[in-house]
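Hi,

Here's the structure I promised to pass on. Have a look at it first, then read my notes below.

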Amino acid sequence: MAKNIIVIGGGPAGLEASARLDALGYNVFLVEKETRLGGHLARWDRLFPEGVPAAPVLEKLVSGTGNTKVMLESEVLSLSRLGKSFRISLTSGVSVIADAVLMTTGFDLFDASKKEEYGYGIYDHVVTNADIEGYFRTGKDPRIGSPERIGLVHCVGSRDEKAGCRNCSKVCCATAVKQACELKAKFPSATVYCFYMDLRMFGRGYEDLYLKAQKEYGIRFIRGRVSEVSEKIDKTLQVKAEDTLSSTPLKVSLDLLVLMAGMRPSEAGAKVGKMIRLGTGDDGYFNTSDGFTGMQATSVPGLFVAGASTGPKTLPDTLSEARAASALIHEYLRES
Amino acid sequence: MTPFHILQVAPEVIDRVPGAYAHFVLPFCVGIVFCICWLGVGLVRVLANLSSSDRKALLLSLINPKTLWKDIKDIFCDCLLHLKIWQRKPLLGYMHSAIAFGWFLIIILGHLEVWLFAPRHLYLDNGALFYPIFYRYFIWVNPEHTTLRGSLFFFLMDLCLLYILSGIGLAIFKRFRSRLLGMKHTTKPSLMDRVALFSLWGIFPLRLLAESFTADLAGGSFLTLPANALLRFLFGNNLYYLPWWWAYSVCLGLFFVSLPFSRYMHILTEPLLILLRNAGIKVRHPRKGYAEAEIYACSSCGLCIDACPMNVQKKNLRFSSVYFIRFLRRHNEKKINRIADKCLQCGKCLALCPVGVDSPAIRRRQRAAYNDVLPFDYSPLKAPAPQGAVPGKVMYFAGCMSHLTPRIIKAVLEVFREAGEDFVFADENGGLCCGRPLLLAGKDRAAKTVIEANRKMIMESGCSTLVLSCPICLKVFKEEYKLQGIEVLHYTEYMDRLVAQERLTLKKGEGSYVYHDPCELGRGCGIYDAPRRLVGSVGELRKAEKEGDESVCCGGSLGSLTLSYEDRKKITAGALDNLLANHPDRIVTACPLCLKTFSDASSDVPVVDIAELVADSITRT
């Protein structure tokens, strides 16, 4: 009889792992708290570095899941060990006994209103990276209008101890440069600024994207953090920053400010982790059994992890981890 | 020389030892002489290290009847009756006043007794130094001639002794069970503290014993006479009393010798501190002059340990003011700087200190010792003049922190508009820092530069009233800016006034609120009522566990540049627990920094600023 595997979290990692495990002949149950699959990917319009549309990628991931039993709008009520197996019960009333569990609970976006000095939720024309993607998908966002001066703020809630997050969120630099180009393409007459601490364009093609942003799109990159934002009577935004390359304080008026909200450990995921006593680091992400050769294993036998639940990751990283986890689970179930 | 006419003693007594000397008084005399010499040297040191203007101020305060009366009143209330401790912890207050005031009374009564019955012994060559202390040894009653006044003194002396003994009893009890007297933490005594402590415990029980042994001959009352009878019953009629008088004297001597090296030095230093403080003298150096008086006036009681917001973590108890003062006293340079740096400057230790040692100020002086020498150049910075005509108007200065919390500015401006106030927003397009963060870091010269620039901008504007939304600014504006002719208000005071003048009508809603006193607004500027009135007029005001001048710092304070975020987070969590004791719907505060700190940490209960609350509750006609 085929063994049962539960995958918690229906984002890219969960989808890819379900597809691989299904192909290996296991009974896969995919648990998702939202009404749809795809996680943050479903909210995204295009992907860096080339600007590939996100929808077909997601479609491919979903269609690969085969016989996986997908349980939407289901949250984990309890998760406990039962001998060598796991017992899980869901808010939808379903209970499953599983031989292995894979946590692909991903991340939450940093709540940008916590950086109150940037005025998200207070001023009319301040949005986040996720809002921009929503705007490009639906074409609607009353906050955006037709801006002539646009600013993008990197590292909002990342590398910021005061905001409770010391780590780099890894994807925002490339996202910001991508969105800067997209905004410039959408509003060709606009001046677009990027306020960055330093640009971490580490992946294949990222540096090319950065070059293109400067050469083809004329994006203005300013090295320095935005200190505060205020709103004028005419609803334009007054942004104060420091240009650390020229060591001068800077003040610009903008019509739109985009905040690159970073990654925080998923709150819903943390709740499930606690049920099974899966440890976390100071940063709140799940601990893996080691940082090099055991990235998908945990201290609990039969419990595996993949994707951004163990730290910020790009989409290709996440998908690779999902495949690695599938192989590891297969090995584990064959031995036991 | 003793004048001839008082060579006699009163008929009630027999001057048993006309030479007025016995060997057992030696330990006491050595102790008291040593102590007086040490005090004298200390006093000269403190005075010598004061600046000449401070010395002049001290002298003037001593001839000014008003300050002199205040000196006497403060010394009586604080050093003898310990009213400050009574107010917070009655049992602890009773203990202190019993020992201090009781001892004081017994000394006064002792001298009075000598003056009435054997006045010639009040002269130095006739044993004045020790005679009143050991009176019952030297003077016996004349059984042929007993009077009412004699018995009255016996009674009063026994009463005082009982009063002191009850205090000592509580003190011994407290040493083992401090919690029952309202203290969670107390300091660990040093060796000399222990010597002084145990001799202090011993003095009065030994006095009781010594006096009981001689009560049949020297007289006694309800305490000593029955004790004497009991002793006779136990040991027979020939009571050998000399060893007890020796023990009593040795105990006193030991106490006075150890006193200067122990925490009990505060008994003698506190009056000096009161005189200096009432003369308006401020601390200028972290170790010398006024600071030295404060350091020795610290009773090391440890009330500041419980007060310090850092005590939520046991490992941070060492940053408490009492240990800072202790290390200063011991010249432990290594530890002083570290401890001086960690303090959040919330001022709660000062508010609760029974002696009034301003350790936050000493810490700032210590910081200045290594920070104020750093170079700085603020020449490119200008305080921009406000736009529009200002003279006679209200000016609003938001400050840096309010600019980081735009919802406060938005709400304050809305209230201004609703009240129809013709105002000017001074730093709408940015302004200079108020200077307080620099002062807190000990960068006095740098602070002075920005203060001067801001002051010039404000004075030149000609505004009549200055409204501030940040208590951090408010404190420095009130204390350092010297804005003659301009009323400086926090916006809670200003809005409270608008409501009183009926320029603003607020609608009372359903919600319940707890108000957090920001350190700089409450303890810093003494503003507690205006914000509470405002909150009370828009909803139900619930109490926090500790509030008013005992409120707990939010942990976001600019007071420390080196305290880690992990430590701060724990302080914030502790402060939130304190606020949520009575389960309010929302937390209200009146400081942008508290607002920001609590908003980030409070996940279940929303945090709002009073300005928002008021702006949302205005009844618009």
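Below is what I found, one spot at a time. Keep in mind that this is a predicted model.

Let's start with a helix in chain A. Helix α6 covers residues 267-275, and its buried residues are A:G269, A:V272 and A:G273. Look down the axis of α6(A) and you'll see that these buried residues fall within an arc of 105°, so they line one face of the helix. Why does that spacing work? An α-helix has 3.6 residues a turn, so residues three or four places apart point the same way. Turn to the other side of α6(A) and you'll find A:E267 and A:K274, which are exposed. The cover over the buried residues of α6(A) includes strands β1 (4-8), β6 (76-82), β9 (100-103) and β19 (263-265) of chain A. Just past α6(A), A:R277 has a positive phi of about 55°.

Next, a sheet, also in chain A. Three strands make an open, antiparallel sheet in the order β15-β16-β17. β15 (226-231) and β17 (248-254) are the edge strands, each pairing on one side only. From one strand to the next, the twist averages 20°. Between β16 (residues 237-243) and β17(A) there are seven bridges, in the antiparallel sense. For example, A:K240 has A:K251 in β17(A) as its bridge partner.

Last stop, chain B. B:P471 sits in helix α22 (residues 471-480). B:P471 counts as buried because it has 29 C-beta neighbours inside 10 Å. Beyond its neighbours within four places in sequence, B:P471 has contacts that include B:H490, B:P518 and B:C591.

Cheers

How values were computed
Residues numbered from 1 in each chain as written. Chains lettered and ligands numbered in written order. Predicted model: local features only at pLDDT ≥ 70, side-chain atom pairs only at ≥ 80, totals over all residues. Helix = DSSP H or I, 4+ residues; strand = E, 2+ residues; numbered from the N terminus. Buried ≥ 20, exposed ≤ 12 C-beta atoms within 10 Å, placed from the backbone. Contact = placed C-beta atoms within 7 Å. Arc of directions from axis to C-beta. Pairing = 2+ DSSP bridges. Axes fitted to C-alpha atoms, helices over the stretch in contact; angles between N-to-C directions.
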